[in-house]
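Have the viewer open as you read.

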Amino acid sequence: MKILETINSKLKHRPSKEKIIENAVKWGLGPKTMEMLERAVNVEGLGAMPFTMYDAPPIIEKALEDDAIVYDVDGREYIDTMAGFAVSNIGHHRREILEVIVDQFSKIVQYSEMLSEVRIKLGEKLVSITPGSFPKKVYYGVTGTDANEIAIKMARSYTGRPIIITQWGDYHGRSIGTIPFTTSFSTWSQNYPIMGADLNVVRIPFPYCYRCPCNPKADSCDECDESCLEFVDYMLSHSYYGLRDPSTGETNVAGFLVEPYQSAAGYILPGDKWIPGLYKLSREYDILYLADEIQTGWARTGKLWAVEHYPRVEPDVIMISKSIANGLPFSVVVGRAEIVDSLGPGAHTTTFAGYMLGCAVALKTIEIIEKENLASVARVKGEKLINALKDLMEHHPVIGYVEGRGLYIGIEFVKDRKTKKPATEETKWMTMRLMQKGVLVKRAGYLGNRFALSPPFTIKEATMNRLIEVFDEVFSEAEDKFSIKGKD
Ligand SMILES: Cc1ncc(COP(=O)(O)O)c(C=O)c1O
């Protein structure tokens, strides 16, 4: 029966306990790690993130306060290029944060979703530091996924229209409600027989400049942006796509739900015309612009928000999470007051939303980001790292493309620069080899051939230099092992 074939083929791509342990031996993980991994594979679902990210994952125990260094249970040191997926922007832990946690904890941690002074203060702060010169309000959640679900509900209830447009390659969560807005092959193929569905999702291309989907012949990112914008404009201005009746201007589209830069896809930046262009279309066609800044926010790209790189772009709604509370789960939606108020009583709530402890830590995190001007720190350190990586390209043909802004950096690996054939197997191997040599990287990309680098802003210059040295060594090894030759 076909169904058995389908299921067997999906199962073939799942990690098994035996394979994980075999890989851990192969890559020489430490004795304590081995012992714990044996326990972990017996107690944890094997589809969980650690087992999909690494052939055999490290087991992290602690981090340095003032650098980008983490240690595993065997005491092995790793350069941290991930910050727990862009969560620990201000560093993994800080004394000031600890003090706030102790202080707030000794008063109260949470009290269902009730108001508190600290929550109100945080709301007042957030509306003052998010883009947009219009009256704004906040709505709290717990995770990034939560924030996106809130934003989707708001856009629909405010406009009375069902359709949300998102970009191919975007990541907005993996709950039943957000899966339809996320383009990730593993999510789609591994949620069966029925995955999260939403009939009112429409996708537009994202100008992935290195492999421009709208115009493979594009000579520049600007040209790629222009082609993609033309296509979106066409979609919205012709009845053929069913999004808008050009004769009356009636539309069923509520909003664009978009990542300014694509994060889970491997830190892919569009050209400079895309975001202003898409925003302009949103104004022309009366469509809300909902910016998912869950990963790009909090100074990661060298400005507090990625959309701030584009002066006149003022999202109607912005979704915030990850590093807002320096490692505590917390999220919030900030938007035009009338849009936020359009969510009716009981339309959304979750027990821990806006809990006091999270609010107190978020306020302190924001204070630190502002006081230490961390946006500029990310910008300066990011420039150095990006330049050093571009220098590595000179003698490493395996690097196809380097792009980034601030400490938000994507590297794309290819087997051959001319054909741009993705070096997927090589990237997987390099991820493990780097781990063995003391560097943790996040492998990403539509094609699994990118590294997404987002170290804590506390990364020291010497650590960045060491990172480049190890990259240099491992890229050379990969080129030898997989016979990657020639530069162009
Ligand atoms: C851009 C973006 N949106 C949404 C999410 C989902 O956030 P969470 O994992 O906290 O639910 C993520 C997580 O990686 C993300 O990067």
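The centres of domain 1 and domain 2, taken over C-alpha atoms, are 26 Å apart. Domain 1 covers 58-90 + 374-481 and domain 2 covers 95-371, with bounds from an automatic or database domain assignment. This is a predicted model, in which local features need pLDDT of at least 70, side-chain atom pairs count only at pLDDT 80 or more, and totals for chains, interfaces and linings use all residues. Residues are numbered from 1 along each chain as its sequence is written.

Domain 1 brings 30 residues to the contact and domain 2 brings 28 residues; two residues are in contact if their C-beta atoms, placed from the backbone, lie within 7 Å. On the domain 1 side, the elements giving two or more residues are helices H5 (83-86) and H14 (374-393), plus strands S11 (399-405), S12 (408-416) and S16 (450-453). Helices (H or I, at least four residues) and strands (E, at least two) are DSSP runs, numbered from the N terminus.

Helix H3 (residues 31-43) has 13 residues and spans 19 Å from its first C-alpha to its last, close to the 18 Å expected at 1.5 Å a residue (1.5 Å times one less than the number of residues).

Which residues of H3 are buried? They are Thr33, Leu37 and Val41, where buried means 20 or more other C-beta atoms within 10 Å of the residue's own, exposed 12 or fewer, and partly exposed in between, with C-beta atoms placed from the backbone. These residues lie on the same side of H3 because they cover an arc of only 65° around the axis, taken from the directions from the helix axis to the C-beta atoms. The buried residues of H3 pack against helix H2 (17-26) and strand S2 (69-72), while the face turned away from the buried side carries the exposed Pro31, Arg39, Asn42 and Val43.
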